[in-house]
Amino acid sequence: MVSNSSVKFKEHIFSKVVVAFCLLISISVILGWVLELVGILSIIPQAATMKFNTALIFLFSGIILFLSKKNKSEFKSLYKALSYTMIFIGAFTIAEHLGLSFFSIDNIFIPDKLTTTNPGRMSPATAICSILIGVGFLGRISSNKAINKIGLYSFKFTAILSLVAIISYLLLIPLSSKTVFFKSMAIHTSGLFLLISTLQLFNNPNSSFHQILIGDYEGSKLTRKILPVIILFPIFYSFILIFGINQEFISVDFGLVAYAAIFIPLSIIYVSYIAIGLNKSEKERRKLGQELEDSNRYYLKRFKQGVDQVSLIGTLDINRNFTYVNELFCEVFKYGKDEILNQNISILRSGHHEEKFYTDIWKKVDSGEIWVDEMKNKGKDGSFHWTLTAIIPFKNDKGEIFEFMSLSQNITERKTAEESKSDYFKKLEYKNKELEQFAYVASHDLQEPLRTVNNFTELLAKRRTEYFDELGLKSLQYIQDATSRMSELIKNLLDYNRLDKDNILTQIDCNQLVKDVEKDLSMNIDDAEATLIYNNLPTLFGYETPLRLLFQNLINNAIKFRKKDIKPLIEINATLKAGEWLFSIRDNGIGISPKYKDKIFVIFQRLHNKNKYKGSGIGLAHCRKIVDLHQGQIWVDSIDDEGSTFYFTIKIKEHD
Ligand code: ADP
């Protein structure tokens with residue numbers, strides 16, 4: 001393979017060499033004419049000289065080739081001016097050759113004293129090449145495609161003309177035997193024309209010359225191999241034969257026969273050699289192609305086997321009728337292949353989705369996009385199946401959709417589980433609402449008779465003391481205690497029930513919050529001579545009233561469940577842990593046996609007689625509900641008689 005960068009590099013070097021040759025030879029020849037150095041003018045003794053005007057043409061060409069790398073507009077004008085001058089010099093020379101000498105261009109710059117016939121005049125071939133090269137240069141920079149093409153042909157013509165002239169030199173054809181056309185074209189003239197024209201053809205990506213020589217196809221490779229041989233061999237061979245004929249070693253007849261006799265078998269041998277090489281590479285290519293095809297087929301087969309085991313696959317024609325379904329498809333939908341083929345896909349509709357669902361699918365797919373979503377289908381036996389389905393449209397070369405593929409995963413199990421789960425949650429939610437309603441109505445309605453009992457016992461105790469002996473008065477006192485306890489209980493129950501309603505998330509400074517609670521509980525704290533230690537509590541987003549209640553309950557319990565002769569010491573701390581605040585409230589009270597550490601958070605569960613420690617058994621249940629509201633958890637660490645530490649977490653909200 002011809003690598004692109006190496007080709008570019010060679011082009012670059014080649015163009016530099018051509019520019020150097022053009023400038024060097026043309027300047028030398030110009031100097032040769034000025035200083036009359038004959039050797040430089042003709043190189044081969046007795047052969048044609050390079051005329052002054054021709055040297056100018058190459059000087060211009062060298063400048064043009066040099067300028068063509070620069071992209072500035074002022075250079076472009078010079079480039080054009082030089083190209084037109086070359087055409088002009090060539091055209092006037094031709095005119096003179098044709099006898100239309102209304103203006104003599106031959107010796108306009110310097111007189112030619114060395115040539116006898118037509119001094120200073122370039123050969124017709126040189127003049128034509130000058131015009132062609134000028135046109136070629138103009139064609140290269142034109143934006144018109146037709147002119148580009150004319151330019152390309154101009155260079156091709158130049159290459160052919162100069163090659164013929166060179167061959168005439170290589171074969172040592174004497175000047176007298178050359179046609180007038182080539183007679184006065186010097187060897188370096190033809191060489192430079194050949195170099196310039198091949199460089200231009202080589203550099204132009206549109207030229208077939210460029211494509212053939214540089215391409216990576218077999219034809220280009222073949223050309224690169226054959227071209228040097230078919231050019232050099234006949235030249236070399238003709239040279240020997242002509243030399244033999246000129247020296248009269250062999251006759252012309254013998255020369256011609258020998259030419260044919262050697263040229264034909266040698267050509268056959270060379271072509272066969274190349275053909276064998278080509279056959280070998282073709283064989284290799286076919287082998288590789290076959291191997292690739294085999295491996296593709298192998299993996300495609302494995303891939304299909306794998307997909308067939310987990311996916312339901314069907315193809316549909318443009319009318320959405322099935323043209324193919326796989327085994328799993330038939331197995332799930334309980335259709336035989338013969339029964340489903342040619343049936344419309346709508347046969348699988350379950351009635352679960354509205355008509356719009358299906359119109360939306362086909363609107364998307366018909367516009368060339370892939371549709372993917374979950375859908376509920378019905379099998380032949382009436383069974384329902386949820387699938388995650390992709391419907392893929394396939395387009396032909398013209399961009400028209402000619403086929404669809406439906407690729408599905410059976411997700412019935414997951415969907416059924418999801419459906420029953422959501423049914424369960426719906427029922428649970430309903431039951432919870434019912435329970436809340438019941439608790440509210442019960443506690444609210446209980447308040448009224450309780451208040452009546454309370455009022456009347458109070459009235460009796462105040463006004464009718466004469467009717468009651470000591471036992472009667474004590475009994476009244478018991479009734480009053482019981483009703484006020486019941487009233488407290490109902491109030492707590494109502495608070496508990498009301499908890500998740502009407503809460504607003506606000507920024508709370510927990511230091512301030514605990515300070516407020518401390519103030520509210522100051523009587524209890526003073527009575528028990530309790531000490532509260534808290535520092536560096538965070539500011540967080542939460543529900544203020546419930547949080548205050550939470551701290552109040554826990555601090556109150558820590559004071560309430562104190563040891564007999566030990567002053568309560570309560571310590572509150574908070575640490576930040578993976579997206580939540582962890583609070584701890586430690587006391588030095590009576591402690592809790594580990595076996596009760598879950599029970600205490602259940603509503604109405606108490607561990608002590610109400611005579612020993614007052615309370616309703618709602619406090620910690622309430623605390624758990626508040627922590628739930630903040631998406632946290634609450635638990636206790638305690639050993640009987642050794643104090644307790646209550647922990648709870650508060651999830652950090654986005655605003656924190
Ligand atoms: P109450 O305080 O009204 O009894 P709670 O729900 O607040 O109800 O507490 C439930 C039970 O947990 C209490 O009766 C008590 O036995 C136990 N308890 C709560 N806090 C503490 C504490 N800090 N130390 C020891 N026991 C506690």
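How many nonpolar, polar and charged residues are in the lining of the largest pocket? That was the question I opened the notebook with today, and I'll come to it after a word on the model.

**Entry 1: the layout.** I am working from a predicted model. I looked up the domains to get my bearings. The assignment gives domain 1 (4-215), domain 2 (217-307), domain 3 (311-410), domain 4 (417-497) and domain 5 (503-651). I also checked one spacing: the C-alpha centres of domain 2 and domain 3 are 57 Å apart.

**Entry 2: the largest pocket.** Back to my opening question. The lining of the largest pocket has 12 nonpolar, 15 polar and nine charged residues. That lining is made of 36 residues, and N557, K560, K614, G615 and S616 are the ones nearest the centre of the pocket. The elements giving two or more residues to the lining are α16 (470-498), α19 (544-560), α20 (619-629) and β12 (644-651). I then asked which domains take part: domain 4 (417-497) and domain 5 (503-651) each supply at least three residues of the lining. The space in the largest pocket comes to about 1,000 Å³.

Entry 3: Rolling a probe the size of a water molecule over the atoms shows where empty space is left. I found one cavity of 30 Å³ or more. The largest cavity holds about 30 Å³ of space. I noted its lining residues as W33, K51, F52, N53, D106, N107, I110, D112 and G120. By class, the lining of the largest cavity divides into three nonpolar, three polar and three charged residues.

**Entry 4: the largest nonpolar core.** Which residues touch the most other members of the largest nonpolar core? They are M50, F137 and I196, in a core of 46 residues. Two or more core residues come from each of α1 (4-35), α3 (52-67), α4 (73-97), α5 (124-141), α6 (145-170) and α8 (187-203). The largest share, nine residues, is from α3.

**Entry 5: cysteines.** I counted disulfides and got zero.

**Entry 6: positive phi angles.** Most residues other than glycine have a negative phi, and most peptide bonds are trans. I wrote down two residues with a positive phi. E248, a residue other than glycine, has a phi near 60°. E248 sits in the loop between α10 (218-246) and α11, and it counts as exposed because its relative accessibility is 68%. R320 has a positive phi as well, near 70°. R320 belongs to the loop between β1 (312-316) and β2 (322-325), and its relative accessible area of 24% makes it partly exposed.

**Entry 7: S272.** S272 is part of helix α11 (residues 252-310). Is S272 buried, exposed or partly exposed? S272 is partly exposed, at a relative accessible area of 34%. I also took a distance to H12, which is 260 residues away from S272 along the chain: their C-alpha atoms are separated by 35 Å.

Terms used
Residues numbered from 1 in each chain as written. Predicted model: local features only at pLDDT ≥ 70, side-chain atom pairs only at ≥ 80, totals over all residues. Heavy atoms only, no water. Domains from an automatic or database assignment. 1 Å grid on protein atoms, 1.4 Å probe; cavity = no way out; pocket = protein on both sides within 12 Å on 5 of 7 lines; lining within 4 Å. Points joined across faces, edges and corners; volume = space filled by probe spheres on them. Helix = DSSP H or I, 4+ residues; strand = E, 2+ residues; numbered from the N terminus. Nonpolar A, V, L, I, M, F, W, Y, C, P; charged D, E, K, R; others polar. Disulfide = S-S within 2.5 Å. Core = buried A, V, L, I, M, F, W, Y, C linked by side-chain atoms within 4.5 Å. Buried < 20%, exposed > 50% of the residue type's maximum accessible area, 1.4 Å probe, protein only.
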